[in-house]
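Please open the model in your viewer and keep the selection panel at hand. The stops below go from the interface to single residues.

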Amino acid sequence: KEKCYKLSLDLKQSTNGHVEALEILLLGLCGVPKENLRVHELCLKSGPNLGSEASEIRILCDLMQPEPAWTVRHVGGADQISVLVRTMVESKASKHVLRLFYLLGYKLDHELLRVGFAFHFQRGAQITVTVSSYSRLLKLHATDDDNVPVTPGIQMVEVTAPASAENYTEVAAAVSSFCEYLAPLLHLSKPGVSTGVVPTAAAAAASLMSFSGSTNIRHSEV
Amino acid sequence: MPIKWVLHWQPNAGHTVNSQILAEVSQCVESINGVKEGKWKATLSFYRPLLKDQSNAAEFPRDFLGISLPEQPNKYYFVLRGHRLVVEADSTIQTIMEKLQSYKTRVALNFEGFQYQLGDFQLRVGKVVSIQSESLRGIVMEMEYKPSSSWEKSHKIMGEFFDIWQEALSKRQLPGHFVHMEPNFGEYGLSGQYTLQHTAVQYATLMLQMIATAQSVRN
């Protein structure tokens with residue numbers, strides 16, 4: 001049975017002012033119109049007794065669909081190919097999946113609302129680029145309230161592509177090479193850096209990776 | 001999705017299941033003009049929590065099952081019978097469970113055999129075999145009525161067909177009979193329109209019965 005993984009590259013793009021520039025760049029690169037994104041992310045952690053090590057799982061609810069559409073997402077640690085690449089496994093699931101994980105012993109660690117847009121296109125791999133801002137929900141499941149932005153003024157840019165064991169290396173290469181097109185904009189939007197200074201893409205990405213994903217935005221209680 | 005009843009073999013007190021009974025059941029299907037079509041297979045796995053401290057084991061579900069069905073090889077079904085919970089997911093959920101390392105699959109069972117066409121009905125006869133030991137643990141049958149996907153509306157015709165089948169089989173005087181257990185699908189949040197989630201719930205329900213039977217035989 002073929003396993004399906006997604007390679008995920010998190011880049012940080014700072015200041016909302018540059019989102020439009022990024023959107024124009026992506027429209028040119030991808031050649032497809034954007035799709036709007038509004039996702040409720042419930043981040044669960046295993047209870048203290050479960051498993052020899054703690055584990056985390058994300059339950060995503062796509063709020064753009066007429067009926068809530070659920071996905072289970074597991075994000076792995078840094079990959080052996082590149083510290084910038086992580087493996088992600090996803091599964092669509094029916095509506096009782098959140099209750100299932102609660103009954104299995106997982107607890108809600110924090111909730112995020114992710115709002116932005118996405119481009120899906122083919123370039124050496126089936127690539128998805130999302131540009132979104134995350135905000136932390138202050139009240140349980142309150143996705144409509146005004147919430148606290150996790151990184152005020154900063155958007156997260158994620159690049160993902162599905163891969164199997166057979167084509168993993170090729171897909172990782174396609175994702176990495178696409179990301180190089182975004183490097184100019186990352187530089188452009190890095191806060192506090194004048195346009196005259198050009199950090200290398202790797203250095204910029206490495207410094208950004210330390211802030212990627214939800215690792216640094218954990219809260220223990222909702 | 002067409003209605004399906006999942007039946008399991010209930011041996012008479014003091015008897016167990018064996019391959020001779022399986023052969024007789026298959027022959028009986030053919031004797032009522034069932035046309036053999038091909039093979040089928042479903043799998044069922046028991047998931048057990050990995051715990052640091054066994055004394056808290058009661059906090060965690062003891063009836064967590066994972067089921068794969070031949071109609072949708074890209075899907076996987078989880079059932080927590082005690083909580084009347086069923087979830088349909090992509091089969092990648094199995095990879096996710098492996099990566100989480102919080103639950104491990106222990107016993108896994110295969111339900112496999114041949115399927116037969118009989119007018120508007122499709123019958124499947126299957127042996128229940130443990131993946132580890134290959135020993136025969138039971139016999140199941142699936143009775144599918146293709147024209148209808150409504151559980152209520154098809155109930156009468158399914159009951160009549162089931163009676164015909166039981167009567168044909170009784171002539172062979174086997175030490176047992178097939179049982180149909182009807183779960184309360186509403187408790188699982190399922191509607192009267194039949195889906196593979198309904199099938200997963202039927203398998204989970206009959207599993208409980210088979211375990212209870214096996215335990216009473218041991219006692």
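Begin by selecting both chains: chain A and chain B bury about 2,600 Å² between them, 63% of it on carbon and sulfur atoms, where buried area is the accessible area (1.4 Å probe) that two parts lose on being put together, summed over both. This is a predicted model, in which local features need pLDDT of at least 70 and side-chain atom pairs count only at pLDDT 80 or more, while totals for chains, interfaces and linings use all residues. Residues are numbered from 1 along each chain as its sequence is written, chains are lettered from A and ligands numbered from 1 in the order in which they are written, and side-chain values use heavy atoms, with hydrogens and water left out.

Next, colour the two sides of the interface: 29 residues of chain A are in contact (heavy atoms within 4.5 Å) with 34 residues of chain B. Between the chains there are eleven residue pairs in polar contact, both residues at pLDDT 80 or more; a polar contact is a pair of N or O atoms within 3.5 Å, and within protein one must be able to donate a hydrogen and the other to accept it, with residues adjacent in sequence counting only if both atoms are side-chain atoms.

Now select, in chain A, strand E3 (56-62), strand E4 (69-78), strand E5 (86-93) and helix H2 (97-104), each of which supplies at least two residues of the side that touches chain B; helices (H or I, at least four residues) and strands (E, at least two) are DSSP runs, numbered from the N terminus. H2(A) gives the largest share of that side, six residues.

The model scores ipTM 0.93 and pTM 0.85.

Select Asn33(B), in the loop between helix H1 (19-31) and strand E2 (35-49) of chain B. Asn33(B) has a positive phi of about 75° although it is not a glycine, and it is exposed, with a relative accessible area of 59%; buried means under 20% relative accessible area, exposed over 50%, and partly exposed in between (1.4 Å probe, protein chains only).

Then go to Gln173(B), in the loop between helix H3 (155-170) and strand E9 (176-180) of chain B, where phi is near 50°, a positive value in a residue other than glycine. Gln173(B) is exposed, at 70% relative accessibility.
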